[in-house]
Amino acid sequence: MRHASGRQPRTWPFLLPSLVVLLLWATVPLVMTIRFSFERYNLLDPGQRGFSGFGNYAFLLTDPGLARALLNTLLLVGGVLAITVGVGTLLAVLFDQPFFGRGPARVLVIAPFFVMPTVSALIWKNMLLDPVNGVLAFMLRSVGLPPVDWFSRAPLAAIVIIVAWQWLPFALLILLTSLQSLDPETKESARLEGAGPFALLAHIILPHLRRAIGVVVMLETIFLLTIFAEIFVTTSGGPGLASTNL
């Protein structure tokens, strides 16, 4: 749209308020984080505050548990991404097919994403993975197998399961939305050419989902690097440093 004089109208006055809000939204938390990183702050006694210089950074870099925390963080993020992307892709293909009860099934499968992390961790710790009263322990005893104390023997694996259960609906929603934009005629043509389910998945569906998978990996990685509640509620980083992350 142009003025009668032929000049392009100025749009920056209309965009300026949004740009200012976005700039403040991104800059203020960053500046506050940098400021807090140079302060001494005791969670048990908030009154003890003061400037610590680079003391916090020196403490972090000289902490003997830093290497183990880095490794645990990489294993946690990698394990959750592998489960959510892999299982999310298979579920997206499944829910893209028409079947009886698909609507209620979609609601149920995305429900874990709306459960608070602390509540989710408590449910998995006390009701599902508990070696005495947990559902999984009951199932193992039913077939003659001994129950497993997950949070003592495999704490990091237990946390990966909990977090993956929470983030699987997020991956499913993005991948299913992307899959529904695939032209059905493309899949039908491949079937007429003799392509089986695995060939259809490898040569049509996965290439189409490539960008959506990239979005899932990027967004989940940002949040998974800050996982805290699930670990604090279940293992508190233990035993030892077995489940301590950054």
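This is a predicted model: local features need pLDDT of at least 70, side-chain atom pairs count only at pLDDT 80 or more; totals for chains, interfaces and linings use all residues.
User: How is a pair of packed helices described?

Analyst: Two numbers do it: the angle between the axes and the distance between them. Take α3, residues 66-95, and α11, residues 210-224. Their axes come within 10 Å and cross at roughly 145°.

User: Which hand does the crossing of α3 and α11 have, left or right?

Analyst: The crossing is right-handed.

User: Which residues of α3 and α11 meet?

Analyst: From α3 come Val-77, Val-80, Leu-81, Thr-84, Val-85 and Thr-89. In α11 they meet Ile-213, Val-216, Val-217, Glu-220, Thr-221 and Leu-224. By type, the residues of this contact are eight nonpolar, three polar and one charged.

User: What should I expect of nonpolar side chains in general?

Analyst: In soluble globular proteins, they tend to be buried together. In this model, the largest nonpolar core has 19 residues. Ala-92, Leu-172, Leu-175 and Leu-179 have the most contacts inside that core.

User: Which elements give two or more residues to this core?

Analyst: They are α3, α8 (155-180), α10 (197-208) and α11. Helix α8 provides the largest share, six residues.

User: What does Ala-92 touch, leaving aside neighbours within four places in sequence?

Analyst: Ala-92 is in contact with Leu-172, Leu-175, Leu-176 and Leu-179. Another core, of 14 residues, lies apart from the largest one. Its members include Leu-81, Leu-156, Val-163 and Ile-227.

User: Now single residues. Is Ser-120 buried or exposed?

Analyst: Read the relative accessible area; under 20% counts as buried. Ser-120 has 0%, so this residue is buried. Ser-120 sits in helix α5, residues 117-128.

User: What surrounds Ser-120, not counting residues up to four places away in sequence?

Analyst: Ser-120 touches Val-115, Ile-162, Trp-165 and Gln-166.

User: Where is Gln-97 found, and why does Gln-97 count as partly exposed?

Analyst: Gln-97 is in the loop between α3 and α4 (102-110). Partly exposed covers the range between the buried cut-off of 20% and the exposed cut-off of 50%. Gln-97 has 34% relative accessibility, so the residue counts as partly exposed.

User: Which backbone atom lies 3.4 Å from a polar atom of the Gln-97 side chain?

Analyst: The backbone oxygen of Val-93 lies at that distance from the side chain of Gln-97.

User: How far apart are Gln-97 and Thr-33 in sequence and in space?

Analyst: In sequence, 64 residues separate Gln-97 and Thr-33. In space, the two are 46 Å apart, C-alpha to C-alpha.

Note on methods: Residues are numbered from 1 along each chain as its sequence is written. Side-chain values use heavy atoms; hydrogens and water are left out. Axes are lines fitted to C-alpha atoms, for helices over the stretch in contact, and angles run from 0 to 180 degrees between N-to-C directions. Helices (H or I, at least four residues) and strands (E, at least two) are DSSP runs, numbered from the N terminus. A crossing is left-handed if the near helix is turned anticlockwise from the far one by less than a right angle, and right-handed if clockwise. Contact means heavy atoms within 4.5 Å. Ala, Val, Leu, Ile, Met, Phe, Trp, Tyr, Cys and Pro count as nonpolar, Asp, Glu, Lys and Arg as charged, and the others, Gly among them, as polar. Buried means under 20% relative accessible area, exposed over 50%, partly exposed in between (1.4 Å probe, protein chains only). A nonpolar core is a set of buried Ala, Val, Leu, Ile, Met, Phe, Trp, Tyr and Cys residues joined through side-chain atoms within 4.5 Å. A polar contact is a pair of N or O atoms within 3.5 Å; within protein, one must be able to donate a hydrogen and the other to accept it, and residues adjacent in sequence count only if both atoms are side-chain atoms.
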